[in-house]
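Visitor: I am new to this structure. Please take me through one part of it closely, and then show me how it sits among the rest.

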Amino acid sequence: MKKLINAVDDVVREQLEGMASAHSDLLKVHFDPNYVYRADAPVAGKVAIISGGGSGHEPMHGGFVGMGMLHAACPGEVFTSPTPDQMYEAAKAVDSGAGVLFIVKNYTGDVLNFETAAELAFADGIRVQNILIDDDVAVKDSLYTAGRRGVGTTVLVEKIVGAAAEAGYSLDACADLCRRVNQYGRSMGMALTSCTVPAAGKPTFELGDAEMEIGIGIHGEPGQKRMPMSTADEIAEMMALEILDDPAYSRTVREWDNDAGSWVDKFLVDEPFQAGDQVIAFVNSMGGTPVSELYAIYRKLAQVCADKGVTIVRNLIGPYITSLEMQGCSITLLKADAEILKLWDAPVNTPGLRWGI
Amino acid sequence: MSVTRDQIVQWLENLAAVLSENKEYLTQLDSAIGDADHGINMTRGFNKVMEKLPGVADKDIGNILKTTGMTLISSVGGASGPLYGTFFMRSGMAVGAKETLNREDLYELLKAGVDGIVQRGRPVLADKTMYDAWAPALEALRSALDAGMETLPALSQAVAAAETGMKNTIPLQARKGRASYLGERSIGHQDPGATSSYLMLKSLLDTLQPA
C-alpha cells in the first residue's frame with residue numbers, strides 16, 4: 001500500500017482537520033463525535049439538510065457542506081457508516097427549529113445508523129425526515145437483496161434539496177422533493193481497478209489487466225459481473241442502456257412519521273425513462289480515472305441519449321462521489337422538470353460544488 | 001448455578017480478547033462477501049467497551065450491558081454497530097437491576113437482545129445474517145431449559161446450535177446487507193455476522209465453564 005497518509009488510524013481525523021483549515025469561511029468541523037457543519041449554522045427559519053456515510057467518497061459528503069447544499073455531513077471511518085451519535089449531535093447543532101432532513105444512501109449500515117439517530121433526534125423534540133437514496137440499476141431486484149444502493153443520484157439530490165431548503169421549503173416539502181428526485185434518478189458504475197482501504201492495507205478485490213468489473217457500488221465491493229476489458233464507447237453505451245432501458249422499479253421503504261412518532265412503510269415505484277424526457281447527466285470518476293476519460297464517456301453517452309430521444313439539459317462531469325483511488329466511472333441520469341432545473345441552477349457555495357455566486 | 005455480575009464483566013473482557021484474536025479472520029470472511037471491515041469494526045468497538053467497563057463494573061448487570069450497548073452503537077459503525085448495540089441495550093433493559101442471573105434470567109437476557117436485533121434489522125431465517133446463528137441457539141436453549149437442564153449444559157446446547165447455524169450460512173444466498181448484492185456469488189461463504197455472534201455465545205459459555 002502506497003498512500004499519502006501518516007498513520008492508518010488518523011486518516012479520517014487528519015483529513016477533517018485539513019478541511020476545516022482549508023475552508024474555514026464555509027464550514028467548521030466538530031470532533032468526537034465527528035461532523036462537518038456550515039459555519040453559519042443554524043440558519044434561521046431554514047430546514048437543515050444532513051447527510052453522511054463512510055469516508056473515502058470525497059468530496060461527498062463533507063465537501064458539499066455550505067450555502068445551498070448540506071448543513072451538516074457525518075463522516076464515518078473509511079467505507080464504514082457513521083454512528084448515530086454523529087447524526088444526532090449534528091442535528092442538534094444545525095436545527096433552526098424548522099426540522100432536519102436526513103439524506104441516507106441505501107446501505108444496510110447507513111440505514112440502521114441513521115434510523116437510530118432519527119429516533120434519538122425525535123425523542124429530543126426535533127422534527128425529522130429520513131429519506132433513502134436508492135438509484136443503482138446494477139441491483140435488479142429489491143425482494144432478495146437489501147435493495148438498490150445509493151450512488152450518483154445522491155450528489156444531485158443534495159444540490160437540489162439543499163437549494164430547496166435555502167429557498168424556504170418546509171421540512172415535508174423538502175422530504176417530498178428528495179423522494180421524487182431520488183425516484184427520477186438512475187445510476188450505473190464500473191471499475192477498472194480495485195481500491196485499498198487504509199486499515200485493510202491491500203486491495204479489496206483483484207482485477208486482472210484485461211478485466212473490468214461492471215455494476216459496482218462505491219465501496220470497492222465486487223459488482224454485478226466481471227467482463228473482458230472493452231472500449232470507452234462500448235462501456236458508455238452498455239451503461240447508458242442499462243439506465244435508459246431500466247424498467248419500472250418498485251420497493252418498500254421505511255420513513256419516519258413525525259405525527260405517529262414511528263416508522264411507516266411506503267411502497268414506491270420509479271417509472272422508466274421515456275423519449276422526450278429532459279435529464280441532468282452526471283459522469284463521475286471513481287477517483288483514479290482522469291477527467292479526460294470522463295469526457296470520452298460523456299461523448300458516447302450524449303449520442304446514446306440523443307438516439308433514445310432523451311435530451312441532456314445540464315451536466316456534471318468530474319470526481320464527486322469516489323471510491324478512494326479506484327479507476328472507473330459511473331453515469332447518472334436524472335429526469336428534470338422545471339422546478340428541479342431551477343433548484344439545480346440556484347447558487348451553491350461549498351468546497352466541492354460552487355456556482356452562481 | 002447462577003451467573004454473577006463479575007462473570008458478566010469477565011464475559012465482556014473475554015469477548016473483547018476473542019474478537020481481537022479473530023480480527024483478521026472476521027475481516028477476511030467479510031472481504032469475500034462484504035466490505036472487509038467486520039473484524040476491524042468489532043475490535044474497535046470492544047476496545048472502547050474495555051475503556052468504559054472499569055467505570056461501571058461495580059454497577060448492576062443491566063447497567064453494564066446498557067453501557068456496552070451504547071458504546072458499541074457509538075463506535076462500531078456499519079450494520080453491526082446498531083445491531084450488536086441494540087442487542088446489549090435490550091438485554092440490559094431485560095435484566096435491569098439484577099446482580100445475579102438464574103438460568104431463566106440468562107435466557108431472557110439473550111431473548112431480549114435477539115428481539116432487538118430482529119426489530120432493528122428485520123431479518124428472517126436463512127437471509128444469511130447473524131440471526132441464522134441466534135435463532136437456533138435461542139430455540140435450543142429454550143428446549144434445554146424446558147427439559148430441566150442446568151445452565152451450563154443448556155448453554156452448551158445453544159452454542160452447538162449457533163455453530164451449526166453459522167456453518168449453515170455457507171450454502172445460503174444472502175438476502176440482507178451488502179452481501180445480498182453479490183447474488184449467487186455470496187453462496188459458499190460463511191456469514192461474518194453469524195460468525196461473530198457464535199463467538200459471542202461461545203465466549204459466554206467459556207467464561208461460565210469452570211476451567
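Guide: Start with W263(A). At 16% relative accessibility, W263(A) counts as buried, because buried means under 20% relative accessible area, exposed over 50%, and partly exposed in between (1.4 Å probe, protein chains only). A word on the basis: this is a predicted model, where local features need pLDDT of at least 70 and side-chain atom pairs count only at pLDDT 80 or more, while totals for chains, interfaces and linings use all residues. Residues are numbered from 1 along each chain as its sequence is written, chains are lettered from A and ligands numbered from 1 in the order in which they are written, and side-chain values use heavy atoms, with hydrogens and water left out.

W263(A) has a ring partner, W256(A). The two ring centres are 4.9 Å apart and the planes stand at 75°, so this pair is edge-to-face. Here is the rule. Rings of Phe, Tyr and Trp (its six-membered ring) pair if their centres lie within 6.5 Å; planes under 30 degrees apart count as stacked, over 60 as edge-to-face and the rest as tilted. W256(A) is buried too, with a relative accessible area of 6%. Over all chains, the count comes to ten aromatic pairs.

Now cross to chain B. The rings of W11(B) and F88(B) have centres 5.9 Å apart and planes at 45°, so they make a tilted pair. W11(B) lies in helix α1 (residues 5-21) and F88(B) in helix α5 of chain B, so the pair ties together parts 77 residues apart in sequence. Helices (H or I, at least four residues) and strands (E, at least two) are DSSP runs, numbered from the N terminus.

Next, the loop between α5 and β2 (100-101) of chain B. G96(B) lies there. At 25% relative accessibility, G96(B) is partly exposed. Leaving out residues up to four places away in sequence, G96(B) touches D60(B), I61(B), G62(B) and N63(B). Contact here means heavy atoms within 4.5 Å.

Then see where the chains meet. The contact takes 27 residues from chain B and 34 residues from chain A. About 2400 Å² is buried between them, and carbon and sulfur atoms give 53% of it. Buried area is the accessible area (1.4 Å probe) that two parts lose on being put together, summed over both. R120(B), R178(B) and Y181(B) supply 29% of the area that chain B buries against chain A, more than any other three residues.

On the side of chain B that touches chain A, the elements giving two or more residues are α3 (38-56), α5 (80-95) and α6 (103-121) of chain B.

Finish back in chain A. T322(A) lies in the loop between β13 (311-318) and β14 (328-335). At 5% relative accessibility, T322(A) is buried. Beyond its neighbours within four places in sequence, T322(A) is in contact with residues including H57(A), E58(A), I218(A) and M286(A).
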